Amino acid sequence: MSGKPPVQAGPTVAAVDAITQGLAKYNFFRRVSWGRLAVIAVPMLWLAVFFFVPFLVVFKISLAETAIAIPPYTALLEWVGDMEEAYVTLKLNLGNYLYLLDDVFYLDAYLSSIKIAGISTFCTLLVAFPIAYLMARSNGSTRALLLALVILPFWTSFLLRVYAWMGILKKNGLVNDILMGLGIVDEPLTMLQTDFAVYLGIVYTYLPFMVLPLYSALEKLDMTLLEAAEDLGSRPVTSFFLITLPLSLPGIVAGCLLVFIPAVGEFVIPALLGSPDTLMIGRVLWDEFFLNRDWPMASAVAIMMLIILVLPIMLIRNSQGKEESA
Amino acid sequence: MTSAVTEMQPTTPAQQEIPVWKQEGAEPFLQIQGVTKKFGEFTAVDNVSLDIYKNELFCLLGGSGSGKSTLLRMLAGFENPTSGRILIDGVDMSGVEPWKRPVNMMFQSYALFPHLSVADNVAFGLKREGVARAEIKQRVGEMLEMVQLGHLGRRKPSQLSGGQRQRVALARALVKRPKLLLLDEPLGALDKKLREETQFELMNIQEELGVTFVVVTHDQEEAMTLATRIGVMNHGVIVQTDEPHDVYEYPSSRFVAEFIGSVNLFEGKVIEDKPDSVRIKSKEAGSTLFINHGISCSPDQIVHVAVRPEKIRLSHENPGQSDNCLSGVIEDIAYMGSLSLFRVKLASGKEVRITQPNFDRRIGERFTWDDKVFLHWDEESSVVLTS
């Protein structure tokens, strides 16, 4: 309000300015940088200890050779020589990876895993979308109830639930009993130990991982956008494909990744519900470790799977990032 | 901001002719006939009937919960009337889906599609109509030029300012050449300066395109500047439909008088009732009040006299008129730049609000706190309200 006398800018003022600015920078560095570091350090440390180090160990094993020893593989680094002349040898064995590429069996297993995971992810999306849509559109109490119902299965052991499916799907199980009782089929259907059972198992197990990100995306969707679309001459079905679907895309991508990635490496579901012919990389891994006791080969299979999964995800993320910044 | 307001036009000659709503036998363009909307037990819109004519810019004015938005949503087809019907250009809209109505709406939140560019937002409606691609391009271009956003067609809505978004929303609603444009609080999200500019822009566009506008607003100032006519709503009922000037100068009820602008109300008893004048004795005012236009009332009836703060004059000396002359003490002064607001307490304890334009800079020196002053106004300056 009251006018201040004009400041005389002189050398003293400039010096003081420089010092304050310098101090401010110093202050900024001290406070923000350390605070940030402390916050980031915990998850980073966690990831480093429980993800990155084990990954390196597995990667190391994949480059070794099998040996009849404990642990059953050769060391990469070895001390050679005597007290006078000692040096380290590094032995890298790429044979496991070459074998992976060479043997069609592994390629088949990867492709079959990706196919099964892809189809079940798509089915999960089809089942989850209406559920998530209903949740996002319902009012407070119904919404809470639906959310609880989606999360509720987690309270029972996953293994137990898969066993329950075996009971439901087997020859004299619940479904066949009902179908026979109603006279719809004369003979019991073979459902257990088929690919169908594997799809069903994956869809059932991973449904919540699809529903939750979809729900959070759909919940944010502004209903007036749909009204605006209708007002501009768009029928509800058209509005769904032009407005709802594109705007829930981040949720769809997140949900699909959350289902697809674990589904590719899934072991329990194909082992319990699938046929012995259901070829999935998880089972191959299991066999290499526990039947063949070929740890380096198993590690190579695991590393390869990681590469196959991580690359497309990074590409997707990259393109998304570009789109957002564009 | 580029300014379109530089071509601010004075009132066009058309507006000085007899307005269409006063012409005998004029065909209304939009007919709302006894429309009621109930949500469960709650009646949002209560038996509203209203005729709106072609090229009108009609404002539905009311507070929140007055039913104005519900009425607008019924015109757009998002809600169906519980009873009554709506005719647009003579066609009954009952059961007509929103996407089939010759109506477009500009939403309060603008509801721009965030994943589409500005041009695609505007083109959305035309694409649904199946208009040829070349024509879409041309019409979208023209429309964006009109709202001065021709250079921003490839931007996303999130990269625009509030005022720019508002104009995209307007362009998107207008590009389909609707017979009727509905605007829900069109200026609500803009800051004061931008509002004023946009108001005039909106009026220019409306005149240029000859579209009938129905605007919903809670802002009386917005309604006053924009509208050809105002429908004041309260509790789901239209309490008065008139031109802005008449709504302000001749409110039909205490609600309208108090809702639009501020007003001083004096309770009093009719002591003299002539065909062309009324004299009222008011204990609250401590004076007799004389109004030089007749009303339908009976002697001894209790009525209210409404006087707008700017109609009252303030003086130290007794003006010597027997009617419409009160005296009191200045309680409060608020200097508001272009005018000053005085609160004067009468002997009855009643507080009166008076605004005085600041003709000269030293008005504050002439009147100050605790001054004993006289308040007086002309006999045509007040209105008698019986309801």
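## A kink in helix H3 of chain A

A kink of about 30° lies at A:Ala128 in H3(A), shortly before the proline A:Pro130; the bend at a residue is the angle between axes fitted to the seven residues ending there and the seven starting there. Helix H3(A) covers residues 104-137, 34 residues in all, and reaches 49 Å from its first C-alpha to its last, close to the 50 Å expected at 1.5 Å a residue. The expected span is 1.5 Å times one less than the number of residues in the helix. Helices (H or I, at least four residues) and strands (E, at least two) are DSSP runs, numbered from the N terminus.

## Basis of the model

This is a predicted model, in which local features need pLDDT of at least 70 and side-chain atom pairs count only at pLDDT 80 or more, while totals for chains, interfaces and linings use all residues. Residues are numbered from 1 along each chain as its sequence is written, and chains are lettered from A and ligands numbered from 1 in the order in which they are written.

## Annotated regions of chain A

In an unreviewed entry, UniProt places the feature "domain: ABC transmembrane type-1" at residues 110-316 of chain A. UniProt positions are given in the numbering used here, with feature names shortened, and annotations may be inferred rather than shown by experiment. Over residues 110-316 of chain A the chain is 78% helix and 0% strand, with the end C-alpha atoms 20 Å apart.

The unreviewed UniProt entry also lists "transmembrane region" at residues 37-59, 109-133, 145-166, 196-218, 239-264 and 295-316 of chain A. Residues 37-59 of chain A are 100% helix and 0% strand, and their end C-alpha atoms are 29 Å apart. For residues 239-264 of chain A the figures are 96% helix and 0% strand, with 34 Å between the end C-alpha atoms.

## The four-stranded sheet of chain B

In chain B, 4 strands form an open sheet in the order S2-S1-S4-S5, with antiparallel pairing. Strands S2 (42-52) and S5 (91-92) of chain B stand at the edges, each with a single partner strand, so one side of each is left without a neighbour in the sheet. Two strands pair if DSSP finds at least two bridges between them.

S1(B) and S2(B) pair over 7 bridges, and B:Gln31 stands opposite B:Asp51 in S2(B). The hairpin of S1(B) and S2(B) has 2 residues between the strands, and B:Gly40 takes a positive phi near 65° there. S1(B) is joined to S4(B) by 5 bridges, with B:Gln33 opposite B:Arg85 in S4(B). S4(B), residues 83-88, pairs with S5(B) over 2 bridges; B:Leu87 stands opposite B:Asp92 in S5(B). Helix H1 (residues 68-76) of chain B lies across S1 (30-39), S2 and S4 of chain B and runs at about 65° to S2(B). Axes are lines fitted to C-alpha atoms, for helices over the stretch in contact, and angles run from 0 to 180 degrees between N-to-C directions.

## The five-stranded sheet of chain B

Another open sheet of chain B has 5 strands in the order S13-S12-S11-S14-S20, and the pairing is antiparallel. Its edge strands are S13 (287-291) and S20 (382-385) of chain B, each pairing on one side only. Neighbouring strands of this sheet are turned by 40° against each other on average, direction ignored. S12(B), residues 277-282, pairs with S13(B) in the antiparallel sense over 5 bridges, and B:Ile280 stands opposite B:Leu289 in S13(B).

## Contact between the chains

The contact takes 16 residues from chain B and 15 residues from chain A, where two residues are in contact if their C-beta atoms, placed from the backbone, lie within 7 Å. On the side of chain B that touches chain A, the elements giving two or more residues are strand S6 (103-106) and helix H2 (118-129) of chain B. H2(B) supplies the largest share of that side, 4 residues.

By class, the side of chain B that touches chain A has 9 nonpolar, 4 polar and 3 charged residues. Ala, Val, Leu, Ile, Met, Phe, Trp, Tyr, Cys and Pro count as nonpolar, Asp, Glu, Lys and Arg as charged, and the others, Gly among them, as polar.
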